[in-house]
Amino acid sequence: KLINKLEKFNLPIFTIPSIEDLDKRNSKIDYLRPIQVEDILRRDSVKPNPYLLKSCIENKVVCITGGGGSIGSELCNQVILLNPKKLIIIEKSEYNLYQIEKKIGNLKNTEINLQFVLNDCYSSLFLKNLFKVNSVEIVFHAAAYKHVPIVEKNIIEGIKNNVFSTLALCKASYESSVNKFLLVSSDKAVRPSNIMGASKRLSELIVTAFADKEQNLERKDSSTCFSMVRFGNVLNSSGSVVPLFKEQISNGGPITITHPEVIRYFMTIKEASELMLQACSMSKGGELFLLDMGSPVKIKDLAKKMIKLSGLSIKNKDNRKGDIEIIYKGLRTGEKLYEELLIDAEAVKTEHPLIYQAKEKGIPYLELMEKLNYLQKSIDDFDEEKVISTLNEIVPEWKKS
């Protein structure tokens, strides 16, 4: 309410630290910070359950793939706070690995055993060896290509990275008797309209098939609990519009939006990571967890809010002397106006108010492996047409236009 009253003055708005930050001596009373978009997200605040946060991390050997990415790096931060026995971070980008190593080095709690691995996740043999040597107990698979237009133009590499890294990790986890494996999925896997979404849906099918295999075999030795968590956009991630809008505003505009009616669901990276950790604790095998993303946000309203929070005015036909103009460029290939609602009537509540569980059909393990072998051969042959047709056969709700 205060921000809405102040916006009409076109002045930069700042906030002082919270009482909690002052109490923990994380900040000083005279430290002023610009209002961020995440500060005004209309979301119900639900404090994480300390038991659910700790139970699958404390004194465990944890591995995070894509640990240098937006979600992966925040997962690393959260895991370190929960005192694991060891944290292994896998990252294929040398720069991202350097950044997360430097960032973690600045944290107070650096006595935890850390291992930084520069590698991709294609080789199940490499992963199996890594898991066995380090006695890995928990795996969070956050590595993926997420930019819809880029993956749409690089189909073979996108599927190779998103799908076959998941397959290799599931194999390695199964053969190494990892305790829990959690796939970080996406709302774009719901009735996918693009390659990225279809690749994430196929990744979900792989995890489901391994979970079913575990339950059917009833292994006497320690078995692996496979599960997935699906959610929408996170603010300030590498694929989010927020960093782009910030850059465009700092450059004097214009802000570019695909369509005036585009709507998305948003969550902070911190909240998403905390919910993932709690979902992992609740998993017993085969679950597809859904995170409640709250109310949808119109991207044009988000852009307007960011302009005003910067103390600038919107330039349009009614205000020719405004500072920042908003331009609409049209929807990109494979992009939806509205992302699908994650929580539907069939979703089941869990012990956490913001975590639900979905029920979706899978594909039997042997049948899926046969289809994946054919998909792998098509990729090896660089036969994009066969790759697309095979992907469409496995994920029939998606069709390449």
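Trainee: Let's start with Asn83: does it count as buried, partly exposed or exposed?
Mentor: Bearing in mind that this is a predicted model, Asn83 has a relative accessibility of 36%, so it counts as partly exposed.

Trainee: And where is Asn83 found?
Mentor: Asn83 sits in the loop between helix H4, residues 70–81, and strand S4, residues 86–91. Its phi is near 55 degrees, which is a positive value in a residue other than glycine.

Trainee: What about Arg191, what is its phi?
Mentor: Arg191 is not a glycine either, and its phi is positive at about 40 degrees. This residue belongs to the loop between strand S7, residues 180–184, and H9, and Arg191 counts as exposed because its relative accessibility is 52%.

Trainee: Switching to the backbone, which two residues are joined by a cis peptide bond?
Mentor: That bond joins Gly253 and Pro254, with omega at about 0 degrees. Pro254 is placed in the loop between H10 and strand S10, the latter covering residues 255–257.

Trainee: Since you mention H10, at what angle do H10 and H12 pack?
Mentor: Helix H10, residues 241–250, packs against helix H12, residues 299–309, at an angle of about 45 degrees, and their axes are 11 Å apart. The two helices are therefore oblique to each other, and H10 passes H12 in a right-handed crossing.

Trainee: Which residues meet there?
Mentor: From H10 there are Val241, Val242, Phe245, Lys246 and Ile249, and they meet Ile299, Leu302, Ala303, Met306 and Ile307 of H12. Sorted by class, this contact of H10 with H12 has 9 nonpolar residues, 1 charged residue and no polar ones.

Trainee: How do H13 and H14 pack, in angle and axis distance?
Mentor: H13 and helix H14, residues 384–394, pack at about 165 degrees with their axes 9 Å apart. An angle over 145 degrees counts as roughly antiparallel, so that is the description of H13 relative to H14. The crossing in which H13 passes H14 is left-handed.

Trainee: What does Glu360 do with Arg201, then?
Mentor: Glu360 forms a salt bridge with Arg201, and the closest N and O atoms are 3.3 Å apart. Because Glu360 lies in the loop between strand S18, residues 355–358, and helix H13, residues 365–380, while Arg201 is in helix H9, the pair ties together parts that are 159 residues apart in sequence. Glu360 is partly exposed, with a relative accessible area of 40%, whereas Arg201 counts as buried at 7% relative accessibility.

Trainee: How far apart are N and O between Arg230 and Glu360?
Mentor: The side chains of Arg230 and Glu360 meet in a salt bridge at 3.1 Å, N to O. Arg230 lies in strand S8, residues 225–230, and Glu360 in the loop between S18 and H13, so this pair ties together parts that are 130 residues apart in sequence. Arg230 is buried, with a relative accessible area of 3%.

Trainee: Which residues do the shared partners join into one network?
Mentor: The network consists of Arg201, Glu204, Arg230, Glu360 and Glu397, joined by salt bridges that share partners.

Trainee: Last one: is Arg264 buried or exposed?
Mentor: Arg264, which lies in strand S11, residues 263–264, is buried, with a relative accessible area of 7%. Leaving aside its neighbours within four places in sequence, Arg264 is in contact with several residues, including Asn233, Pro296, Glu335 and Tyr338.

Technical notes:
Residues are numbered from 1 along each chain as its sequence is written. This is a predicted model: local features need pLDDT of at least 70, side-chain atom pairs count only at pLDDT 80 or more; totals for chains, interfaces and linings use all residues. Side-chain values use heavy atoms; hydrogens and water are left out. Axes are lines fitted to C-alpha atoms, for helices over the stretch in contact, and angles run from 0 to 180 degrees between N-to-C directions. Helices (H or I, at least four residues) and strands (E, at least two) are DSSP runs, numbered from the N terminus. Angles under 35 degrees count as roughly parallel, over 145 as roughly antiparallel, 65 to 115 as roughly perpendicular and the rest as oblique. A crossing is left-handed if the near helix is turned anticlockwise from the far one by less than a right angle, and right-handed if clockwise. Contact means heavy atoms within 4.5 Å. Ala, Val, Leu, Ile, Met, Phe, Trp, Tyr, Cys and Pro count as nonpolar, Asp, Glu, Lys and Arg as charged, and the others, Gly among them, as polar. Buried means under 20% relative accessible area, exposed over 50%, partly exposed in between (1.4 Å probe, protein chains only). A salt bridge is a side-chain nitrogen of Lys or Arg within 4 Å of a carboxyl oxygen of Asp or Glu.
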